[in-house]
Amino acid sequence: MKHSEQILRATESIRDKRRELEDDEWRLHYHVTAPVFWMNDPNGFSFFQNEYHLFYQHHPYSTEWGDIHWGHVKSRDLVHWEHLPHALAPSEPYDQDGCFSGSAIEKDGKLFLFYTGNRWTGKNQDTDLKQVQCIAVSEDGENFTKIAENPVISQPPEGDIHPNHFRDPKVWKQGEHYYCVLGSQTNHRVGQVLLYRSSDLLTWEFMNVAARGKGNMGYMWECPDFFQLDGQDVLVMSPQGVEPEGEFYHNLHQAVYALGDLNLTKGEFDFDSFHPLDYGFDFYAPQTTLDNKGRRILIAWMAMWESDMPERKDHWAGAMTLPREIYFENNQLKCLPVKELESLRHDYLHFENILVEEKVTLDGLEGDSMEINVVIDAMETTQFGVKVRCNDLFTEQTILTYDGENQLFSMNRDNSGKGPGGIRKAPLSLKNNLLNLKIFIDRSSVEVFLQEGEKVMSARIYPGEDANGVQFFSDRKVKIVKLEKWSLGNRGGGIAGTVLVMH
Ligand code: FRU
């Protein structure tokens, strides 16, 4: 079938099904999700003709991964998103089994999508695959044509480079040239990133293995991204197979950043270590873009491979994180939700100077779709925190705890409702004995920004509809110095930010 026919077929598949989803108990109010069915990685995140475009890996016929298309949403403010028809569907011999992850870049007023064409060559999806790099172009940011020259990179280079795992192009322009990083592994299962260069976006020259894992850095690096931020070179990637180290790296796969120096003559990125971009449960394949305000904005898949996703019963699976601005402050990479999200706020509530001895609930502080900003003075206390999405009997609760003795902040979802449990921890110190939390709760998610963006933890949770309570707790005495809360999203209920435009 022709590409345009494949796109139409996918559109028809989701058109009717989506209407049923809006009132589902776990449907998110202000996060991007697919209209229906499976989604994974964000792709092609870009700012084109004054709008943000975000694409994503989508199966238009199932809540399981497979038959990967590029779904598409766009927005003027990163808050209200409009669904558009699929941008890419498998249709050619080189991408017949999937249009895998990639990026977007503007050139001559057109939007170029770079993606990996995937083909299975046998039954084993780990070994029997052929991956090539391809381009599709659009003038209007909505209809994309695959170019005749595809694939533009038809095989991996020679050297200690795995012949099959070769994917996820991220393209950027620097000086006179375009550059592209690609996810790869060596022939002996060490993750690495390949660097290419081009002067016209169509012909690509392999430069070097820009970075390779050393020690416990995983067997495959997926979805690399490279950018300069406040004068520093930053490599972002999603390593598979990093082993847990003490309290950290307990997710199946990781998403990390490394600071270093990219030498564009040698094609080498010099770095020592990497660090998680998020310390929670559900965060993978982040991608960034630079917008017209000069902000570097990051968005990730808020899910994890092989995780149970209870929303499947309602015909959808997976979501995006909130768009987050990343920046450096005092040599630290920080990350906060974009300011525009404040436009969703309503029903303001605030409290000051409240002592918490053992436990405290606050009048009116509850909900399944809200933002809570709170500053807590730890006083003499070592263990304290807040429980969210609690039911009356506290048989359901998601527990956020600060442990002063070990300087760790934790998120415990063992009793969050349906779905997987577990505990995740982030290293954290108090500032002037204060803990600052910015908590975003959407119907089946929680994202906690710690100490004004120093760390962040994200998770999907699946509580019952009556689990809307919030309770502060402390092993001795702490003081809530200030608390502000807003409900977020549509006053009348329903999905706040998304409008579906289908043609
Ligand atoms: C990362 C990933 C990418 C690949 C895509 C396939 O989550 O495995 O490496 O391109 O998903 O959907």
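## Strands, domains and salt bridges

Strand β5 pairs with strand β6, which covers residues 110-120. The pairing is antiparallel and runs over eight bridges. This comes from a predicted model.

**Two domains**

Now take the whole chain. Domain 1 spans 3-337, and domain 2 spans 346-488. Their centres, taken over C-alpha atoms, are 31 Å apart. Where the domains touch, 40 residues of domain 1 are in contact with 37 residues of domain 2.

The size of an interface is often given as the accessible area lost when the parts come together. Here, the area buried between domain 1 and domain 2 is about 3200 Å². Carbon and sulfur atoms give 56% of that area. Which residues of domain 1 lose the most area to domain 2? They are Trp26, Tyr279 and Phe281. Together they account for 25% of what the domain 1 side buries.

Polar links also join the domains. Between domain 1 and domain 2 there are 24 residue pairs in polar contact, with both residues at pLDDT 80 or more. Two elements each give two or more residues to the side of domain 1 that touches domain 2: β21 (324-329) and β22 (332-337). The largest share comes from β22, with six residues. By class, this side of domain 1 has 19 nonpolar, nine polar and twelve charged residues.

**Salt bridges**

How many salt bridges does the structure hold? The count is 24. Between domain 1 and domain 2, the count is four. Two salt bridges from the structure are set out here.

| Salt bridge | N to O distance |
|---|---|
| Asp282 and Arg413 | 3.0 Å |
| Arg76 and Glu51 | 3.7 Å |

Arg76 and Glu51 meet through their side chains. Where do they sit? Arg76 is in the loop between β3 (69-75) and β4 (81-88). Glu51 is in strand β2, residues 51-58.

Note on methods. Residues numbered from 1 in each chain as written. Predicted model: local features only at pLDDT ≥ 70, side-chain atom pairs only at ≥ 80, totals over all residues. Heavy atoms only, no water. Pairing = 2+ DSSP bridges. Helix = DSSP H or I, 4+ residues; strand = E, 2+ residues; numbered from the N terminus. Domains from an automatic or database assignment. Contact = heavy atoms within 4.5 Å. Buried area = accessible area lost by both parts, 1.4 Å probe. Polar contact = N/O pair within 3.5 Å; in protein donor to acceptor, adjacent residues only side chain to side chain. Nonpolar A, V, L, I, M, F, W, Y, C, P; charged D, E, K, R; others polar.
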